[in-house]
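I would like to walk through one structure with you, beginning with a single residue and ending with the chain as a whole.

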Amino acid sequence: MPVLSSVSPTSGPASGGTVVTLSGSGFSGATAVRFGGVSAAFTVVSGSQITATAPAGSGTVQVTVTTPGGTSNGVSFTYVSAPVPALTSATPNSGPAAGGTTVTLTGTGLAATTAVRFGATPATSFTVVSDTHVTAVAPAGTGTVQITVTTPGGTSNGLSYTYSGAPNLSGVSPNQGSTSAGNTVTLTGTNLTGATSVLFGATPATSFTVVSPTQITAVAPAATAGPVDVTVITPGGTSTLPNAYFYVSPPVLLGVAPLSGPLAGGNTVTLTGTHLIEATAVRFGATAATSFTVVSDTQITAVVPAGAAGPVQVTVTTVGGTSNPVSYTYLAAPIVTTLVPNQGPASGGSTVTLTGSNFAQTTMVLFGAVPTGFTVVSDTHLVADVLAGVAGPVAITVISPGGTSAPTTYTRVAPPGI
C-alpha cells in the first residue's frame, strides 16, 4: 500500500494549477492522485515521488495516492483565496548573460511571493519590498525569457527579459577630430544593441544613436588635444578601445607672405602658424588653392588661384577645424597711360612722370632691362629717374605684385652735332 509523507507546497490558489510534489513510498504503478475527491493530473517520477497539478478547490483537503495496492493516507493541502499576482513592468528588462542584474518588478498581489523565475530558472535571490514591488537578481541565461512571480494565489503573467552578449568594439571612424564638440563618429562592433552610454575618455558623447547591433553613431564631446579611449556600455557589459580617437587642435594662422599677388594667381605664398600638419584644404576666400604643400606643422606653401581685385581671407582647414583668417590682396597689373616728358638727353639725369593706375604697390621701374629709382606719388602717379644710355627709344615698364605694365616708349636724344 502506498504511503504519503509530504506534499510541497502545502497550499495554492482556489483556481488550481499549482504543481505539487508528493513524497513517500510505494508509488510505482499509481493509478490516481486526488485532492479531496477530485482527481488531479500527475506524473510518477519514481517509487517515492509524484508531481501533480492541483485541480480547482476550496478549503483544506486531503491529498491521496491510489495504486493497485490500495489508497494512501491523506496529507493536507489548503486552497487559498489569494489574488493571482499580476506583473506590469520589469526594470531593467535586459542584462548580461552571466546574470547578476537586479531587476525591479512592479505589479499587484506580490506580497506573498514564493518564487521568481526567469524562464524556468529561479532567480538567484529575490526580496519582497511591498505588495506592488519585488526585486530579483537575474540568474545566468541566454536569449529572451519570461519573468514570472508565484504566490499562493498562483503564477503571474510573464514579462520579457533579454540576456545580452557583451559588446565588442572593433572600429572608430573617423578616428580623429576637433577639440570642440560636434564631430559625428561611427562605432562598429558586435552586440551593441541597447547601448546605454558611449564615452570618449571619461566624458559621455554629446549624443548617440544605436543604428544596429553592429553600429552606433555618436557625436564626440569637447576635449583637450590628444588620444582618448572610446567605450560602449550595454546591458551585456562594457567594451573599450584604448586610444581609439585623437582630438586635434584647430589650426592657427599667423601670416601669409607675400601679402599680395596678381589677379591671375599662379604665384606661391607661404603660410605660417601652428597645428598645420594635417591640412586638408587651403582657401582664398571661397576658392581652393590651386595646390598646397604641408612643409611642417608651422608652415604651408600654397599656389594662389585666380581672383578678383581686392582683399580675401585665407584659411587653412584640418580635421581639427578651420583656422582664423589672414588677409591676402589680389592686385591688378599697373597700367601706364601717359609719360611726360617722353624724351630727353641721352645723358639722363632728369625725371619723368608716369600717370595711369595701380601704381600704389610698385616694386620696380625699368628703363629697358635696368632698374631705376622711382617715387610713388599716388595710385595714379609715379615719378622715375631717367637713366643715361645710348640715343634712341627705350621701353619703360612698371612692376608690382599685380604684374608688369605694358611698355611705354621713352626716346633718348643725342646732343647736337653728334
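This is a predicted model: local features need pLDDT of at least 70, side-chain atom pairs count only at pLDDT 80 or more; totals for chains, interfaces and linings use all residues.

**From one residue to the whole chain**

Thr-150 has a relative accessibility of 16% and therefore counts as buried; buried means under 20% relative accessible area, exposed over 50%, and partly exposed in between, with a 1.4 Å probe and protein chains only. Residues are numbered from 1 along each chain as its sequence is written, and side-chain values use heavy atoms, with hydrogens and water left out.

Where does Thr-150 lie? Its place is in strand β18, residues 144-151. Helices (H or I, at least four residues) and strands (E, at least two) are DSSP runs, numbered from the N terminus. Setting aside residues up to four places away in sequence, Thr-150 touches Ala-112, Thr-113, Thr-114, Ala-115, Arg-117 and Thr-155. Contact here means heavy atoms within 4.5 Å.

Thr-135 lies in strand β17 and is partly exposed, with a relative accessible area of 22%. Once neighbours within four places in sequence are left aside, Thr-135 is in contact with Thr-102, Val-103, Thr-104, Ser-125, Phe-126, Thr-127 and Val-129. Thr-135 and Pro-55 are 80 residues apart in sequence, and their C-alpha atoms are 30 Å apart in space.

Let us now turn to the pairing around Thr-135. Strand β17 (residues 133-137) pairs with β13 in the antiparallel sense over 5 bridges, and two strands are said to pair if DSSP finds at least two bridges between them. In this pairing, Thr-104 stands opposite Thr-135. Strand β13, residues 102-108, is also joined by 5 bridges to strand β11, residues 86-91, again running antiparallel. There, Ala-90 stands opposite Leu-105.

Next, the start of the chain. Which strands make up the open sheet here, and in what order? The sheet has 4 strands, ordered β1-β3-β7-β6, with antiparallel pairing. β1 (3-8) and β6 (41-46) stand at the edges with a single partner strand each, so one side of each is left without a neighbour in the sheet. The twist from one strand to the next averages 25°; axes are lines fitted to C-alpha atoms, for helices over the stretch in contact, and angles run from 0 to 180 degrees between N-to-C directions. Strand β3, residues 19-25, is joined to β1 by 5 bridges, and Ser-6 stands opposite Ser-23 in β3.

β4 (residues 32-35) pairs with strand β8 (residues 60-67) in the antiparallel sense over 4 bridges, and Ala-32 stands opposite Thr-66. β4 also pairs with strand β5, residues 38-39, over 2 bridges in the antiparallel sense, with Arg-34 opposite Ser-39. The hairpin of β4 and β5 has 2 residues between the strands, and Gly-36 takes a positive phi near 65° there.

Further along, another open sheet is formed by 4 strands in the order β30-β32-β36-β35, with antiparallel pairing. Its edge strands are β30 (252-257) and β35 (291-296), each pairing on one side only. Neighbouring strands of this sheet are turned by 25° against each other on average, direction ignored. β35 and strand β36 (residues 299-303) run antiparallel and are joined by 5 bridges, with Phe-292 opposite Ala-302.

Residues 84-164 are 0% helix and 60% strand, with end C-alpha atoms 30 Å apart. For residues 250-331, the figures are 0% helix, 63% strand and 30 Å.

Along its principal axes the C-alpha trace spans about 165 × 30 × 25 Å. Buried residues make up 40% of the 418.
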